[in-house]
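Please find below my notes on the model, arranged as numbered points. I would be glad if you read them with the structure open beside you.

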Amino acid sequence: MQRLSRFGVDTHKDIHAAAVITTLGAVLDCRSFPATADGYRQLVDWARFFGAMRRAGVECTGSYGAALARHLRAEGIDVTEVNQPDKAARRRHGKTDVIDAEAAARAVLSGRATAAAKTSDGPVEMLRLFKLAKGSAIKSRTQAINQLKSVLVSADTALRESMAGLSNPHLFKRCAELDAQRTSGPAGAARHTLRRLAGRIRHLTEEIDDLNKRIAEAVELSAPGLLEVRGVGPDSAAALLISVGNNPERLASEASFVALCGTSPVEASSGKTQRRRLNRGGDRQANAALYRIVLSRLRWDDRSQDYLRRRLAQGKTRREIIRCLKRYVAREVYRLIVPAPAPAGQTAPTPVAV
């Protein structure tokens, strides 16, 4: 009879520590492997020496363990995301890579860790990278704009007055056209600095526009029709898709998606007090995306405005109404991000080229 076992991995930048345990919880072996393609192959061969491997618990599958998680899935091993051990257990048992790897294996064996790891080999990973680049570009452009206006405040009077009252686009264009060779000293340095900052702002704006286009294309590739939902823009759609990942099947139901976005109420009952409180967990970026969608609908959508007036008349506060609307939006978006499975015995229709 083939033996079954579980293994856990504590991931780091250069070295991954792994531990193999039996289905009864006995530790078979612990070893470290380099975080390279050859090291991943050695880890899998070593683990399979002790029996058939079907599931692995891996820490940090979105960072240090991302490449290892891809290799394990390619080998037919299910990867489970494992959180770091709680502080109480760490105080009792100490902290080493081997202890953490063993704890990851036990988390999978006991069922404490059940969340399937996100994959990082599809259009959602493209979205994550584009969003990362766009965020840093926006931050740099904002910093450059603030610096340009700060330099302009202390510039010579003639230059400052010639730029007064201009909107940002016209101001940046005028600064980019400055001739820094006319004067020397602080006045010339100010002109040269303004021209350089304006050029940087123009370059970053072009970069942001390019990333916006690529984000919209990746959203359409990952979830066709999502951008057609009222109030959903490329940034909000990208935040929701990144939260779900490339493998939306890891979400068992609509309720799990709502909890992931932090819009599900949490039970907070005790004794004779029966109540629910606001969920402050979940992915806060996805929660913020739902909030932006609701605000857009409250401004432009007649149905949402009617709902707001009706609920206000019933005594609800605006904050409570927004929470309800976020829940409704999450339900609508879920149906597009996670398509319903085809009924038994039916297959999805084959696309026809036109």
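1. Helix H5 (residues 123-153) holds both Arg128 and Glu125, which are three residues apart, or about one turn of the helix; helices here are DSSP runs of H or I with at least four residues, strands are runs of E with at least two, and both are numbered from the N terminus. Arg128 forms a salt bridge with Glu125, with 2.8 Å between the closest N and O atoms, where a salt bridge is a side-chain nitrogen of Lys or Arg within 4 Å of a carboxyl oxygen of Asp or Glu. Arg128 counts as partly exposed because its relative accessibility is 36%, whereas Glu125 is buried, with a relative accessible area of 18%. Buried means under 20% relative accessible area, exposed means over 50%, and partly exposed lies in between, with a 1.4 Å probe and protein chains only.

2. Before going on, please keep in mind that this is a predicted model, in which local features need pLDDT of at least 70 and side-chain atom pairs count only at pLDDT 80 or more, while totals for chains, interfaces and linings use all residues. Residues are numbered from 1 along each chain as its sequence is written, and side-chain values use heavy atoms, with hydrogens and water left out.

3. The structure holds 16 salt bridges, and another of them joins Arg41 to Asp38, whose closest N and O atoms are 3.6 Å apart. Both Arg41 and Asp38 belong to helix H1 (residues 37-48), where they are three residues apart, about one turn of the helix. Arg41 is partly exposed, with a relative accessible area of 45%, and Asp38 is partly exposed too, with a value of 40%.

4. Which side chain does Glu332 meet in a salt bridge? The partner is Arg297, at 3.0 Å from N to O, and the pair links distant parts of the chain, since Glu332 is in helix H13 and Arg297 in helix H11, 35 residues apart. Glu332 counts as partly exposed at 31% relative accessibility, whereas Arg297 is buried, with a relative accessible area of 10%.

5. Not counting residues up to four places away in sequence, Arg318 touches Leu298, Leu308 and Leu312, contact being taken as heavy atoms within 4.5 Å. Leu308 is 10 residues from Arg318 in sequence, and their C-alpha atoms are 7.6 Å apart in space.

6. Arg275, Arg277, Arg280, Arg319 and Arg323 gather in a surface patch of positive charge. Such patches are made of residues with over 30% relative accessible area and no salt bridge, like charges being joined within 9 Å and nonpolar side chains within 5 Å. Arg280, one of these residues, is placed in the loop between strand E7 (276-277) and helix H11 (284-300), and is exposed, with a relative accessible area of 60%.

7. Leaving aside its neighbours within four places in sequence, Ala17 is in contact with Gly8, Val9, Asp10, Arg31, Ser32, Asp97 and Ala101. By contrast, Ala17 and Ile201 are 184 residues apart in sequence and 45 Å apart in space, C-alpha to C-alpha.

8. Helix H2 (residues 66-74) has Ala66, Leu68, Ala69, His71 and Leu72 as its buried residues, and the helix is followed by Gly76, whose phi is positive, near 80°. The loop between strand E4 (52-59) and H2 contains Cys60, where phi is near 55°, a positive value in a residue other than glycine. Cys60 is partly exposed, with a relative accessible area of 26%.

9. Finally, Thr119 lies in the loop between helix H4 (97-110) and H5, and counts as buried at 15% relative accessibility. Residues up to four places away in sequence being left out, Thr119 touches Arg73, Asn246 and Asn247.

Conventions:
Areas by Shrake-Rupley, 256 points an atom, 1.4 Å probe, with all protein chains shown as cover. Lys, Arg positive; Asp, Glu negative; His and termini not counted. Charge placed at Lys NZ, Arg CZ, Asp CG, Glu CD.
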